[in-house]
Amino acid sequence: MTQILPSIFGADILNLQREINFLEGAGTEILHVDLMDGNFVNNIAFGPNQIKAMKEASTMTFDVHMMLDNPAKHLDDIIATGAEMISVHYESTPHVHSIIQRIKKAGCKAGIVINPGTPETVLEYLLDDVDYILVMTINPGQPGQSFIQKSLEKIANVKKLIGERTIRIEVDGGVNEEIAKTCKEAGADLIVVGGALFNDSPAESYAALKEAIK
Ligand code: DX5
Ligand code: ZN
């Protein structure tokens, strides 16, 4: 089943509880939560304490997208937030394999993320370990960018690599209704949306996004 994952980074920060309630009321199962350190990416957002507070105020599954240098150092704090899904960027550490093992040992689903310039072939020796693969469809760190069209080819290639395994494919960045549909057709299951949902008419936009991936 293909799902829309709202990205809380796009929500109204002054009314997070209201936004969480809105998303839950709209039937959201998984919330995408960006963690940015100002080093791996320029932006800074949502540290473990904030994520834990949001998690305690919510019944949704949390998908934490770690965009930070030295993820190994912060992993225990991130696991302690209660997030059920945690993903690590291939480019952020020479120790992705060990971090994936730690995520799984903690009982969470483990994801590997690849940037637009990273070929999907780097996934080969991780395929038997990860639960999901996040294909970045923009360069991480800044919402509101345009979807990189070449990503569609990458999603299809990742799907081929996965073969019969039960690994899910997630996409993140620049997705609107039309693009959500093409991502689904290319093989994506988990579709992160920020700006195209948190706009002037979020309820209508959310309904349209869901309709597009039916
Ligand atoms: C960007 C983040 C995204 C972001 C997506 O680095 O990883 O999750 O919130 O926002 P949109 O959908 O507006 O590109
Ligand atoms: Zn993200």
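**View 1. Helix 7 and its packing partners.** In this predicted model, the buried residues of helix 7 pack against strand 1 (3-6), helix 1 (16-25), helix 6 (177-186) and strand 9 (190-193). Helices (H or I, at least four residues) and strands (E, at least two) are DSSP runs, numbered from the N terminus. Contact means heavy atoms within 4.5 Å. Helix 7 spans residues 202-212, and Ser205, Tyr206, Leu209 and Ala212 are buried there. Buried means under 20% relative accessible area (1.4 Å probe, protein chains only). These residues lie on the same side of helix 7, because they cover an arc of only 125 degrees around the axis. The arc is taken from the directions from the helix axis to the C-beta atoms.

**View 2. The zinc site.** His32 (NE2), Asp34 (OD), His65 (ND1) and Asp172 (OD) coordinate the zinc ion (ligand 2) at 2.1 to 2.3 Å. Aspartate 34 sits in strand 2 (residues 30-37) and histidine 65 in strand 4 (residues 61-67), so the pair ties together parts that are 31 residues apart in sequence. Both aspartate 34 and histidine 65 are buried.

**View 3. Valine 33 in the largest core.** The largest nonpolar core has 62 residues, and Val33 is among those with the most contacts inside it. Such a core is a set of buried Ala, Val, Leu, Ile, Met, Phe, Trp, Tyr and Cys residues joined through side-chain atoms within 4.5 Å. Beyond its neighbours within four places in sequence, valine 33 is in contact with residues including Ile8, Phe46 and His65.

**Notes.** Residues are numbered from 1 along each chain as written, and chains are lettered from A and ligands numbered from 1 in written order. Local features need pLDDT of at least 70, side-chain atom pairs count only at pLDDT 80 or more, totals for chains, interfaces and linings use all residues, and side-chain values use heavy atoms, without hydrogens and water.

Conventions. Buried < 20%, exposed > 50% of the residue type's maximum accessible area, 1.4 Å probe, protein only. Donors = N, O, S within 2.8 Å, 3.2 Å for Na, K, Ca; no water.
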